[in-house]
Every structure is written in structure tokens, then in C-alpha cells.
Amino acid sequence: MENLTNINNLIDPDLKLKENQHTEEGEKFLNNPIVTVGPVTKQYLRSVKSYVTDGNRFVFSDGVSKVQISVISDEIIRVRMAPQGTFLADFSYAINGYPHKITLVKFAEDENIYKISTPKVNCIITKADFLISFTDSNNHMMNADAKAMHFEENVQFGGYYVYCSKVCTNTEDFYALGDKPTEFNLRGKRLVLWNTDTYAFAKNQDPLYRSIPFYIGLNEGKSYGIFFDNTFKTHFDFAVELKDRSSFWSDGGELNYYYIHGPEMMDVVKRYSQLTGTHQMPPMWALGFHQCRWSYYPDSKVKEIAQTFRDKKIPCDAIYLDIDYMNGYRCFTWNQRYFPEPKKLLGDLKDIGFKTVVIIDPGIKVDDNYWVFKEGKSNNYFCRRSDDYFMEGNVWPGRCQFPDFTNPKVRDWWGWLFKELLETGVDGIWNDMNEPAVFGSGTFPDDVRHNFDHHRGSHRKAHNVYGMQMVRATYEGLKKLQKNKRPFTITRAGYSGVQRYSSVWTGDNVATWEHLKLANIMCQRLSISGISFCGTDIGGFTGEPDGELFTRWIQLGVFTPLMRAHSAGDTREREPWSFGEPFEGICRKFIELRYKLMPYLYSAFWQHYKYQLPVVRPIVMLESHEHINHYREDEFSFGDNILVCPVLQPSIHNRKVYLPQGAWYDYWTNQKYSGGKEFVISTPLDSMPIFVKAGAVIPEMEVMQYTDEFELEELFLKTWFSVHPVKSVLYEDHGDTFAYQQDIFLEKTFNVFGSNGSLIIEQVMDGLYTPRYEKYRHIIYGLPFKVSKVLIDGKEQKKYSLDTRNVLEFSSSKKFKKIEILA
Ligand code: MIG
């Protein structure tokens, strides 16, 4: 398989690039032959002639074109270009709000430049050639235009192709951009964002299902981000055309981007999340194990699968119904033959602790006897072509029409359609095919019109947000209908900001070891692209995994925020027991681990929601200054304190694992490591490399078969000794309501301090929630001394145990303030 980035090397950057807009169904590889035509027609900004200022906004003009530069916060600067001097209406589906933290904006000018400064960033505009660059407060260059911004008229549709081209140094690397199935470091790649249904996608295939026009540049240990908020088909080139250039451009819309300052990569991601929002707290059950299949039917089969989980004592919270539960694939209906009594079925599943998630696609069957079609038709809710014909296309139900989810009225209508499903007992909604996918043609033709929240546009403009607006309609509908209960949604397509409404999965992957590696990379990439709540089809959607591959995938899945096994209907059975022993037992052990770690994962989610920290954090984000880390893509940090390295190859007995600087403990053996280098770790099939940061307090719960199986009597707090102070967070709330947004939550911080003869654990509590359990069971590892005394809030605790490995155990009240363990 050829990586077409090489072919792209040959293209002269100043020639117009043309490509076919749509991928044929089934077409696999970085498809669209790129044809070069015609002479240069691009117009570049010329020298700056004048400017006006308006508070924190500055508009510069070359006489015709205008550029607006706005200070969004001390660390975020927005740039917009109007080729003919008129800006488009300012509207964005991605932006959730501005951080509003502007300390002081200064404006200065000399012979050659204008300079807009905040305490953190300078934006410099050269007068002679209109080049824009960004430096930090020490005047260190972070990001600079290589050429003036430019544009090219689109005669057919109106508007402009818009281009921005940046200097790229030979030490600069690139990250993020959503779901690309390629190396983690994007330097040397040219990529396109155009949501595409890509069944059995291949490594390097581009584009896939989601469009996240946000990337991170990392140069000499310093990071910045560019968020190109443009919903048209966008293009990114990271030193492909020219080794000293990175560029981004779009087939339409405004050249509108945010420069996001770091210098830490974590800061860039946090600030991107401040702009585009984070996930809400998911219902706790959604962090459990999910079992999916295309499709489980009839109802007896669904019950049998669910019951087998219980019989075999393999924890599971959710089971999915794929398209066959519907009547002729009509959304919001039930197949009478396979599911004659859906309410009873869902009730029975609920009785044994199962939540049920059902699929809903965007295509609505053209059928005048079908209420959803009738309502949509009579209210004029379906998409139309340029000359007002309906947009019709074939998907699962046959001939379909498609709601225009970019119309707020349509979203509202769509939201209420879930009423009956919820009354029947459905707990979550799975949105598929929302790129949107159409059989044969791939997607809608370009001329289809959309409301775009009253900012009107053709499908060229609305395509990349269609799926996001569908799942938004779904999420908002569920939220209204369920009142105070948290909705659970999962979507395939999305645009920046989709995380506010949904979790995502990476689409139709393949049961190969290469795909297991891609699964790991893609979740890390999505995570630093603002989408923490993501997962992959565990086991691979198409193709047949063997027991070993499936087991290794379950192990990785424990550490992906969404843990869902799924498979296509033409594959053999694919449940955790399908491969027999020893695989079944090992899968159970790892799914149990997921449940043990639930309080930890839930706390990591809180840190995402509240502090914009991604749940999964790649090594390069932890240690950007080490150049070799720019290429690491296997190991990652799961929350603050756990580092994992999945096993990604068959029949290996050990693998190299890099541990970042500081002390680490092997989760299984408690062996201590001093990080900052690689270690060879043994990897028998029933294990995987998991390390805990020294000084961490990891909260764990007793294994349950589903997240609310019983009330906890105590919570385990596992602490690993450290001489350096370390802070850990434990977050608790109702698990399924929005009360946390009214301060009904409990955030606990544990501060651990160790020395030669003592270990001190302090607890600080914030919030109004009271968990039901009363006690902590403390387990302390790695103590370098013999314990002679344990004090809890100054009082001696006589009851404790020490095992032969010097592991200390004792109980305390959940309200303790200070524990002292003394030699
Ligand atoms: O055309 O609903 O990615 O997860 O099982 C295939 C059937 C449609 C594609 C999804 C997959 C799902 C399947 N769907």
C-alpha cells in the first residue's frame, strides 16, 4: 500500500490542487488522485496600508483585503481574513465560549511592524508583506507565516479557497488532528478533513470519519496549537510539499484560526478544550464494559448474551442493539418478529443490571405510512438539493431522506422523537452513518442546501458538521426527556466540539495486530484533540481475531475511556468467552481490573470536565523536551498516575517500555523503577505493563458485575511510597445526575509526603456530596522502613497488618485529615 504523501511531494505548491470530492464506497486508500491544473491564480495579501483598533480587536487592510486579529485571552489570538474586506457573519459550531482572561493588551508600531502583546504572547504583523507571527514573552519565535495568507476565487460556488502557510523548522513536529490512522507524529504527512464512511479502513487511509481541524506544533520543547475553525473540506500539510513549510487551507469559508499558546503541550490541549468544550460527566455505567454486535437478535439472543455475562461472572454494563432491532430499518420502530415485547426485554435486561443502547441512523425511509417520514415531510425538515428536489439516497432502509440537523427546529423535533424509546427502557443512543454516509455516492452531493443555524450553506459547508449536529440533537433531546439524568450517546462522525454531546468510537477497524497498534494511536490522538471519551471496536470490527489478539485488545480497552467490544455480523461470535480458556479467564481478569479502577477513571473524567485535562496522555505530552519522545506512540498515561504500555505484537514474552522521569512501581509486582529510560518488561498473556507513579493514591473499588450492583462498604486507597510530594484526586458524586453542576459533588485531594522514616497522607475535601460508605481500606506499598506506628489524625491506630513484602494495610474513616506512618 502506497503512502501518497510521497506523491504529494511532487506537487508544486503554487499550482491549484483539484480532487474528486467523494470517496467511492469501498475505495480504500488515500484515494483521490490529485490533479494539477492551470496557472497560478492565487492572490496574496499585499503590504499593510491601514489599520483600525477596537478594544482587543485590530483590523489591518492592504487596501482591499482585511485581516482581523483579536485577543481572546492572554494565550489565545484569533486571526481572520476577508479577501474583499467583508467578514462573514461570525458563527461557529465548535466554539463553546471564550476563556475571558485578558490581563492587558498592548499595541505598538515601528517602521517595519505592528505588535499586539499580552503578558504571554506577541502577535507581529510585518508592514511590507503582511506576514503574521507569534512569539512568547521572551520574544522566542513560536509560529510564523512563511508567505502572506492567500486566496483564490471559487467561480462555481462563490467564495474563496483560502490558504495559510507557515514556517516549519527542521526540528518541528506535529500532533492531533482527530482520528488519523497513521503514525502519532504527523510530520511528513498531508491530510484532509472530510467526514467519510470508511469500512475496513487501512493504515494511512485518509480521510476517515471525523474532522478536527486542530493541530499542535512542537519545536524545541515548546508547543503551540492552531485551531482552523472552518467546516469546509480542509487540508493540512506538515512539511510534505516543502521541508520548511507547514500549511493549512480550505475549499471555502473564512480563513479563521486561533493561535493557542503553550508552551506545554498540556496547556495547548487545555486551552483548545476551553474554546471547544469538554465532555460532560458520563453516567458511571457508561465507563463500564459494553458488549456490542451487528446484530444481536432476536430478543432471546440478547438475553442469552446478557445472562452469559452474569453466569460467567464477567462484568458488563451495557448491551447494544444494532440495526436489526428496527422494523425495516425505520428509525424509532421495533421489529415485531424479533422484538415483539421490547419493554419486557429491556426490563428483563435491567433486572440483571444491563443498560441497553440502540442505534439510530440519519436516513429516514421514504414511506408515507411511516410517522417519522410523514412528520419530517410535512414540516419540511428534510434536506433539499439546490433546485429544491429532495436529497434522496439509499441507505439501510432503502430510499431515504435526511433531516437537516443544522436546522435548530429539526434538532428540536429529532430530540423529542426519542420519547418512546426512552419509555420503552432504552438507556443510550448510538448514532452511526452520520458523515453522512450514502450507499454508492458516498455522501450528499455538494449542492444540497443546509440551514446552518440560519447561516445557510451548501453541503460543502455543512458536511463536516452534519454528524455532530445529529448527535447534538440526540444528546439535547435525551437531556430534556430524561430531566436530571445524564444522557449517554456515541457517534461515529463529528467536528470540533462534538465532545460536548457525545463519546465516539473509531469506526470500522479490522481484526489485525496493525489495527491494534492503530487503535492505541488513534485514541491518544483523539484524546489530545479534545475527545477524551473515545474507544475502538475491541477485537476489530471486520475480520477474525484469534484469542490472543482479542485478549490483548481487551487489555488495551481497559485503558481507553470507552470500552466496547463490537464486531460485524459476518464474523464468528465475539464475546469475552468466545475463545475459551485461557483467554476467557484473562479477559475476565482485565475487565475486572477496569471495574476496580472505576473510581480512578471516574476521577480522571472529572479532571477532564473540570480542568480540561485529557484522560489519556501520550508520552510526548508528558516530556516534550526529549526529542526521542516525539516518536513514542505505544506508552501513555491514563489519568494522572497510571502509565500503561499495551502489548501490540503476537507471541512476545517481553517488550520495551519507556518510563518517564521519576519513580514508578509495577502495578502487579510492586517492583520499583527509576524512570527516564527504557526497561524490558515481561509480558505473559495474562499481564500487561502497568505502572503507578510513586506517591500516587489510586482509589479502587470492589469488583462489581455492573457499576451499581451494590452499595460499597469501603473504598480501597492504594498508596505507593515516594520521597517527592505527589497529589492525587478522588472525585465522587451521584453517578447519574447533573447535581454535580450545582456543587453536589466531592473532590478529595490526597497529598503524600515521604521521607526516610515516615509517610504522610493528607486529605483535603471540597464539595457537598456524601458517599454512602464510611471507611477507607488503606494499602501502602513500597515503604522503605519497618513500620512502628500508624497515626490517624494524631491517634494511634493499633489495628494494622504487614505482610512479608512489607505491604501495610489498615482502615480509616473516610473523613481522615492526616495519616502518619512512622518508622
Ligand atoms: O453500513 O449498523 O460503523 O459499527 O455495526 C454499516 C451496522 C453500518 C457501520 C458501523 C458499525 C455498525 C454497522 N454500520
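In β16, Arg 190 and Val 192 point one way, while Leu 191 and Leu 193 point the other way. The side chains on both faces of that strand are buried. The model is predicted. Its chain holds 13 helices and 56 strands.

**Strand β16 and its partner**
- β16 pairs with β20, which covers residues 234–238.
- The two strands run antiparallel and share four bridges.
- Leu 191 stands opposite Phe 236 of β20.
- Leu 191 is also one of the buried residues of β16.

**Loops on either side of β16**
- Leu 177 sits in the loop between β15 (173–176) and β16.
- The phi of Leu 177 is positive, near 80 degrees, and the residue is not a glycine.
- Is Leu 177 buried or exposed? Leu 177 counts as buried because its relative accessibility is 0%, and the cut-off for buried is under 20%.
- Pro 207 lies in the loop between β16 (190–193) and β17 (210–211).
- The peptide bond from Asp 206 to Pro 207 is cis. Its omega is near -5 degrees.

- Pro 263 belongs to the loop between β22 (255–261) and α2 (265–276).

- Asp 388 is not a glycine, yet its phi is positive, at about 80 degrees.
- Asp 388 is found in the loop between α5 (371–378) and β27 (392–395).
- Asp 388 has 41% relative accessibility, so it counts as partly exposed. The class covers values between 20% and 50%.

**The open sheet of nine strands**
- Nine strands form an open sheet with parallel pairing.
- What is the strand order in this sheet? The order is β35-β34-β32-β29-β25-β24-β23-β37-β36.
- The edge strands are β35 (534–535) and β36 (537–538). Each of them pairs on one side only.
- Within the sheet, β29 (residues 428–431) and β32 (residues 489–491) run parallel. Three bridges join them.
- Ile 429 has Thr 489 of β32 as its bridge partner.

**Overall form of the chain**
- The chain has 823 residues and a radius of gyration of 27 Å.
- A compact globule with that number of residues would have a value near 28 Å, so the chain agrees with a compact globule.
- The C-alpha trace spans about 80 × 70 × 50 Å along its principal axes.
- Of the 823 residues, 64% count as buried.
- Among contacts with a separation of 6 or more, 68% come from residues 24 or more positions apart.

**Surface and charge**
- The chain carries 96 positive and 103 negative charges.

Technical notes: Residues are numbered from 1 along each chain as its sequence is written. Side-chain values use heavy atoms; hydrogens and water are left out. Buried means under 20% relative accessible area, exposed over 50%, partly exposed in between (1.4 Å probe, protein chains only). The radius of gyration is taken over C-alpha atoms; the globule rule is 2.2 Å times the number of residues to the power 0.38. Contact means heavy atoms within 4.5 Å. Lys and Arg count as positive and Asp and Glu as negative; His and the chain ends are not counted. The place of a charge is taken as NZ of Lys, CZ of Arg, CG of Asp or CD of Glu. Two strands pair if DSSP finds at least two bridges between them.
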